Structures are given as structure tokens and as C-alpha cells.
Amino acid sequence: MKELHFYIMHGHVLVTHRIKLSDNEYLELSNARKVLSRVLNHEELYDQVIESYVDAKSVMYEMSVRAISNSVTCDYVKNHDCRSKLNRLFFNSLNLSKLYLDDHYREHKNKDGNIEKITCFVNKITDSDDDIKEIKKHRDKIFNENPEYVVGCQLRNYVQHASLPVRTFTSGFRTRPENNQNFAVFHVPLDKQALMDGGVKKNKLSNYGDKIDLHEIMDGYIYAISEMHMKSRSLVKNQMDESIEVINAKRRQVELEYDCLLDDIDVVDTASEKDDRLFSLNLEWFSVVKHLQSKNSHLLNFKRYTHIPYQQV
């Protein structure tokens, strides 16, 4: 038996009130809570991917500035420390992206390569096979149109099974002879042959020369993940809003009946010896989702931007 438990002050005494829930009422509330919890987990995971990559980009820009300010032109220990830090950051970004992409859409295959089942975040929310098809169609479109995403997926497998991504980097400044203007450089090249030796398929690298820029690959890869997230967010929005309303409607019903505002209303399983608390009808925790959706509200395409440090006349 499931009940709602809440407390109301009567004079100086705190009195416990109980309302029995029908099986249908409990199922509706429980399903709504599961939807909102899954949305929170997915938004948090996406935010981890973005923040980890922002950390990596920020460190590259910092290293570029320090390379210009440092008078020592060859420091093997310092270079090792830089490579080590970049490897940790990119390894973290790529592994978090694997976790996110598996939650977004994953085809589980048997040893013969046949698909046994498909798991999809959107489908867990909407329970719609059409949404699975929509997500797959969108993912396939990105795969066909975004070569950086294709290489990024290969690179993700490469760092898990073959080698760390950063073997070397180029930093310092260059001069344009025609106008004697200096400009800072910081490049992290990927060795094409090393990638192929590590299991990356040659046809996945056909759009690139011998040297591939890791920074460029990651910008395009993260943009693809951003596209996927915005797509899935749009497909689950109605179900998310309906789930919020299911819980808030039950809360309003109880408050209206007892003519008071309640801090908390718990759903409790009375079949257990200790009346186990299952979840609350308080949705303050869901404000984290609202914050993350506002914070990460647009497609993140870093390749669109050029950094100009000084005001232009």
C-alpha cells in the first residue's frame, strides 16, 4: 500500500496526516518522478561533457600565452608536464562523451554483429518507437555530414584501447613577413599513421592529410554532441512538462484540501515495517535542470568564433 505522508502544525503539536493512493495514482506519480530523474541525469551528463571540454580549451589558450611569455625555448620537463595535462583533459572529455553518447542512443550487438536491442534516452522518456527512429535518423545525418564527429568517435576508441591522444604540440608565435605582424600558435597534431596503427580505419581519415589537428577535431565532435542534445531535449520537453504537472497537481490537490501550504509531501510504502519513504512531491531539486537548460541553451559551435583580444577601431 502506498500513501502520502505530510505534517501539519495544530497549535503546538506536529500532526502526521496520511492519504491512501490508488495503484493508478501511485503509478502515475512514480512514472512522472522517473521521467524527471532521467532528464536530470541526462542534463548533468551533457554538462559534464561540455565543462570538461571547456577546461581543455582553456588550458590550451593558457599554455599558448605562457609559451609566448616564457624565454626558455626548449624545456623537455615543461613540455612533458604540458602533454601530460592535455592528455588527462582530452582523455576525460572523450570518455565522458562515450558515456553521454551511449545514453543518447546505443545499438547493442551480439558477437555476429547483429543488433539485439537498442537503448535510447528519448525512448525511455516518451516510450515512442518513432522517437528512436527520429534520433537514429538525426545521428546518421550528423555522421554523414560532420567528418570531425566521425574522427572523434574513432579517437575515443583509440584512447581507450591504443594510446593517449597527445604525443606532441606546437607553441610559440609566427611572423607574417608582409606586415611584420606576430601571431600566437598552439597546435596539437594527431599522427595519421599512428592512429591507423592503433586501429583507426583508414577510410575514416580520408578527408585529412598526414597531420590532423586535435583541437579542430574536438570542436566539431563537441558540436555534434551539442546537436544531438538539443534534438533529444526538444523531443522530451512535452513529457517533461507533463510529468512536472502530474506531481504539482497532486501537491496542489492536497494543499487545497487541507487549506495550507506544505513544505514536503512524501510518498511512502506502508507495506514495509518502517514505512519506507519512496520519494517526495517537492520539486525544488528539479531547479538544477532548469539551470542547466538555461546555461546550455544553444548549439555549441566553437568553430564559429575567432578570438580578437583588442578592441577594433
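User: Which residues is Ser 97 in contact with, leaving aside its neighbours within four places in sequence?

Analyst: The model is predicted, so local features need pLDDT of at least 70 and side-chain atom pairs count only at pLDDT 80 or more, while totals for chains, interfaces and linings use all residues. Residues are numbered from 1 along each chain as its sequence is written, and side-chain values use heavy atoms, leaving out hydrogens and water. Contact means heavy atoms within 4.5 Å. With those neighbours set aside, the partners of Ser 97 are Val 49, Arg 156, Tyr 221 and Ile 225.

User: Is Ser 97 buried or exposed?

Analyst: Ser 97 lies in helix α2; helices (H or I, at least four residues) and strands (E, at least two) are DSSP runs, numbered from the N terminus. Buried means under 20% relative accessible area, exposed over 50%, and partly exposed in between (1.4 Å probe, protein chains only). Because its relative accessibility is 0%, Ser 97 counts as buried.

User: How far apart are the end C-alpha atoms of helix α5?

Analyst: The expected span of a helix is 1.5 Å times one less than its number of residues. Helix α5 has 15 residues (147–161), so it should span 21 Å. The model agrees, with the end C-alpha atoms of α5 apart by 21 Å.

User: Which elements do the buried residues of α5 pack against?

Analyst: α5 is mostly covered, with 11 of its 15 residues buried. Among them are Tyr 149, Cys 153, Arg 156 and Val 159. The elements that the buried residues of α5 pack against are α2 (76–104), α4 (129–145), β7 (189–191), α6 (192–197) and α7 (214–258).

User: How many disulfides are there?

Analyst: A disulfide is a pair of cysteine sulfur atoms within 2.5 Å. Cys 120 is buried, with a relative accessible area of 1%, and its sulfur is too far for a bond because the closest cysteine sulfur, in Cys 153, is 16 Å away. By this rule the number of disulfides is 0.

User: Which element supplies the largest share of the lining of the largest pocket?

Analyst: On a 1 Å grid over the protein atoms alone, a pocket is an open set of points with protein on both sides within 12 Å along at least five of seven lines, a cavity is a set where a 1.4 Å probe fits but cannot get out, and lining residues have an atom within 4 Å of a point. The largest pocket has a volume of about 1,200 Å³, and of its 30 lining residues the closest to its centre are Tyr 61, Ser 64, Ala 184, Val 185 and His 307. α1 (23–69), β5 (170–176), β6 (181–187) and α7 each supply at least two residues of the lining. The largest share, 8 residues, comes from α1.

User: What is the volume of the largest cavity?

Analyst: Grid points are joined across faces, edges and corners, and a volume is the space filled by probe spheres set on the points. A search of the whole structure finds 1 cavity of 30 Å³ or more. Its lining includes His 42, Glu 43, His 229 and Arg 233, and α7 gives the largest share, 4 residues. The volume of the largest cavity is about 50 Å³.

User: How far apart in space are Arg 252 and Arg 176?

Analyst: Arg 252 has its place in helix α7 and is partly exposed, with a relative accessible area of 43%. Arg 252 and Arg 176 are 76 residues apart in sequence, and their C-alpha to C-alpha distance in space is 68 Å.
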